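Subject: Structure for your review

Dear colleague,

Please find below the structure that I am handing over to you. My notes on what was found in it follow directly after.

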Amino acid sequence: VIVTTINYRRESDLNLIENVIYGFLLYLPLRAIISDHKYENSLRRRLCAITIIAIAFIVVKAIISAPSLEDIEGGTFNSTYFSNYIALFVPLLWYIKNIRVFSREVERFIDVLIVLIIIVCLLNQARGSIIGLAAFLALQFDIKYIYKKNKGLIFLIISICLFVFYFLAKTKIDSANGRIFIWQNALKIVKEKPLGIGLGAFKHEYAV
């Protein structure tokens, strides 16, 4: 609820109300999914359905209202924030799919929603989100089993991931160089003054 509320721009009271509603629509099913309380399958199914609909609405609305496919911000402060935000939905959707309370058709819809989230992150060139999603998805599969069955598929997936990371690094080279600059100078400061230099001093000193 907190992440949803603070992640969105609060340009009006209506925006704030909408954000709080999003938060609770996402929170209530979590109670049913991870709580120790033994919910009936029918209730668990209904609550999970609310989450799926809310996530689908957030993602689809963001795409439809985007000024361009390279700036899908969904009402948040920028497209990177939005990508980081929706990337958090993927583990939740994956878990909902695997508790087996829905028909195969709904499970396929969840798969489509996960793929849609990944595509939005790629279009937004959100490197952190993409790396996080790649790491999460890699942990969900039995890599050893797949490697034994089809080595070529593993190498193909690795090649695609490396190409995507290289493409993202090249297209946002200024951003990457800026971060390297910040880290180099920050580490130098930490070495010289391990107790810090005060709030805002780095920005004042280096105009970053």
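The count of aromatic pairs comes to 3 in this chain, which is a predicted model. Two of the pairs are described here.

In one of them, the ring centres of Tyr-22 and Phe-57 lie 6.3 Å apart with the planes at 50°, so the pair is tilted. Tyr-22 belongs to helix α2 (residues 13-34) and Phe-57 to helix α3 (residues 41-65); the two are 35 residues apart, and the pair links distant parts of the chain. As to accessibility, Tyr-22 is buried, with a relative accessible area of 6%, whereas Phe-57 counts as partly exposed at 48%.

The other pair is formed by Trp-94 and Phe-136, whose ring centres are 6.2 Å apart and whose planes stand at 90°, so this pair is edge-to-face. Because Trp-94 lies in helix α5 (residues 89-98) and Phe-136 in helix α7 (residues 127-140), the pair ties together parts that are 42 residues apart in sequence. Trp-94 is buried at a relative accessible area of 17%, and Phe-136 is buried at 19%. Both values can be read against the cut-off for burial, which is under 20%. Trp-94 has a further neighbour in Lys-97, which lies over the face of the tryptophan, at 5.5 Å from the ring centre.

Ile-114 is placed in helix α6 and counts as buried, with 5% relative accessibility. Leaving aside residues up to four places away in sequence, Ile-114 touches Val-90, Leu-93 and Trp-94. Its C-alpha atom is separated by 9.6 Å from that of Ile-86, a residue 28 positions away along the chain.

Helix α6 (residues 104-123) also packs against α3, at an angle of about 35° and with the axes 11 Å apart. The crossing in which α3 passes α6 is left-handed. Which residues make the contact? From α3 they are Ile-52, Ile-55, Ala-56, Val-59, Val-60 and Ile-63, and from α6 they are Val-106, Phe-109, Ile-110, Leu-113, Leu-116, Ile-117 and Val-120. Sorted by class, this contact of α3 with α6 has 13 nonpolar residues, with no polar and no charged ones.

Gln-125 is found in the loop between α6 and α7. Its phi is near 55°, a positive value in a residue other than glycine. Most residues other than glycine have a negative phi. Gln-125 is also buried, with a relative accessible area of 18%.

Finally, some remarks on the chain as a whole. The chain has 11 helices and 0 strands, so that from the N terminus on its elements run α-α-α-α-α-α-α-α-α-α-α. Of its 208 residues, 32% are buried. Among contacts between residues at least 6 apart in sequence, 64% join residues at least 24 apart.

With kind regards

Notes
Residues are numbered from 1 along each chain as its sequence is written. This is a predicted model: local features need pLDDT of at least 70, side-chain atom pairs count only at pLDDT 80 or more; totals for chains, interfaces and linings use all residues. Side-chain values use heavy atoms; hydrogens and water are left out. Rings of Phe, Tyr and Trp (its six-membered ring) pair if their centres lie within 6.5 Å; planes under 30 degrees apart count as stacked, over 60 as edge-to-face and the rest as tilted. Helices (H or I, at least four residues) and strands (E, at least two) are DSSP runs, numbered from the N terminus. Buried means under 20% relative accessible area, exposed over 50%, partly exposed in between (1.4 Å probe, protein chains only). A charge sits over a ring if NZ of Lys or CZ of Arg is within 6 Å of the ring centre and within 35 degrees of the ring normal. Axes are lines fitted to C-alpha atoms, for helices over the stretch in contact, and angles run from 0 to 180 degrees between N-to-C directions. A crossing is left-handed if the near helix is turned anticlockwise from the far one by less than a right angle, and right-handed if clockwise. Contact means heavy atoms within 4.5 Å. Ala, Val, Leu, Ile, Met, Phe, Trp, Tyr, Cys and Pro count as nonpolar, Asp, Glu, Lys and Arg as charged, and the others, Gly among them, as polar.
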